[in-house]
Amino acid sequence: MRRKLTKAIFPVAGLGTRFLPATKSVPKEIMTLVDRPLIQYAIDEARAAGIKEFIFVTSRGKGALEDYFDEAPQLEQALRKSGKNELLEILKNTNMESGAIAYIRQHKALGLGHAVWCARRLIANEPFAVMLPDDVIAAEKPCLQQMVEAYEETGGNIVAAMEVPQEKAGAYGILDVKEDMGSVVSVKGMVEKPAKGEEPSNLAVIGRYILTPSVLQNLNKMKSGAGGEIQLTDAIAAEIDAGRDVFGYRFRGQRFDCGSKAGFLQATVSFGLSRPELRDELAQYLREVVSLEKAAE
């Protein structure tokens, strides 16, 4: 019987330099997308997929991220006293049970593979998910939940995948497809940030993974890959070399790269328009902006 997926790793040790000066004192992961920090979207998605244990790989200066998931007794008391029960309920959804979250320090920025390896002792011999909070995915059914359902059928290792333009393939890990079965593809190879013209396909790996513990054993070798970093993609590719299954999963939804300023702004607009209480006013503003731009031309 296949072991149920209950653990997820959240690599959040990055400095967020693309968002300086804001990230000088505010961890990128708690920057707000409409009215929720990026990390809350990832946590909510993980919860929907049945995750019970949340492992954060952090670094110095991430104290505000840790505090976010703690209880705020004074604030809760003030809301309760004011009769603001709706806000109180929203606030409670940000709290995590004692023991549900673990924090691991990554002392050196040696890549995503190294960040995942740092959590190895808390994973032990269980399957686990890896979620990158920078990748925010708007979907009717949360992306990781879709992947868990696929995993229950396929087993092995599964990476979220989406098609990207050829000129952007060099920014991603790209799948070499063995067999295309629709939403699921069997993978015969993975290339991290391929050189132009050397892309095996246009299917790019996105920041959602379901992995077997043998991937951690591959990471023990600490081999540097693209950019001189320890790449998670390489450790997953080693599973293929060992004859173990790796699949790509074409998720249903829209992915926003909130690690970039443009992607963060696009997500803000999209998520704002999806909110009934914001939609009309925001849409009107956007129409006015477009009209002004056309008039200026």
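Me: Before we start, what pLDDT do local features need here?

Reply: Residues are numbered from 1 along each chain as its sequence is written, and side-chain values use heavy atoms, with hydrogens and water left out. As this is a predicted model, totals for chains, interfaces and linings use all residues, side-chain atom pairs count only at pLDDT 80 or more, and local features need pLDDT of at least 70.

Me: Which strand gives the most to the lining of the largest pocket?

Reply: A pocket here is an open set of points on a 1 Å grid over the protein atoms alone, where a 1.4 Å probe fits, with protein on both sides within 12 Å along at least five of seven lines; lining residues have an atom within 4 Å of a point. Elements here are DSSP runs numbered from the N terminus (helices H or I, at least four residues; strands E, at least two), and the top contributor, with four residues, is S11.

Me: How many nonpolar residues are in the lining of the second largest pocket?

Reply: This pocket has about 330 Å³ of space, and Asp 35, Arg 36, Ile 90, Leu 91 and Thr 94 lie nearest its centre. H4 gives the most to the lining, three residues. For the classes, Ala, Val, Leu, Ile, Met, Phe, Trp, Tyr, Cys and Pro count as nonpolar, Asp, Glu, Lys and Arg as charged, and the others, Gly among them, as polar. The lining has three charged, three polar and, for the class you asked about, seven nonpolar residues.

Me: How far is the nearest cysteine sulfur from that of Cys 143, and whose is it?

Reply: The structure holds zero disulfides (pairs of cysteine sulfur atoms within 2.5 Å). Cys 143 is in no disulfide, and the nearest cysteine sulfur is 14 Å away, in Cys 258.

Me: Is Cys 143 buried or exposed?

Reply: Buried means under 20% relative accessible area, exposed over 50%, and partly exposed in between (1.4 Å probe, protein chains only). Cys 143 has a relative accessible area of 1%, so call it buried.

Me: Which peptide bond is cis?

Reply: Look in the loop between strands S1 and S2, where Pro 21 sits. With omega near 10°, the cis bond runs from Leu 20 to Pro 21.

Me: What is the phi of Ala 124?

Reply: Ala 124 is in the loop between H6 and S6 and is exposed, at 51% relative accessible area. Although Ala 124 is not a glycine, its phi is positive, at about 55°.

Me: How far apart in sequence are the parts tied together by Arg 275 and Asp 35?

Reply: A salt bridge puts a side-chain nitrogen of Lys or Arg within 4 Å of a carboxyl oxygen of Asp or Glu, and these two side chains meet at 2.7 Å, N to O. Arg 275 lies in the loop between H10 and H11 and Asp 35 in the loop between S2 and S3, so the parts they tie together are apart by 240 residues.

Notes:
Points joined across faces, edges and corners; volume = space filled by probe spheres on them.
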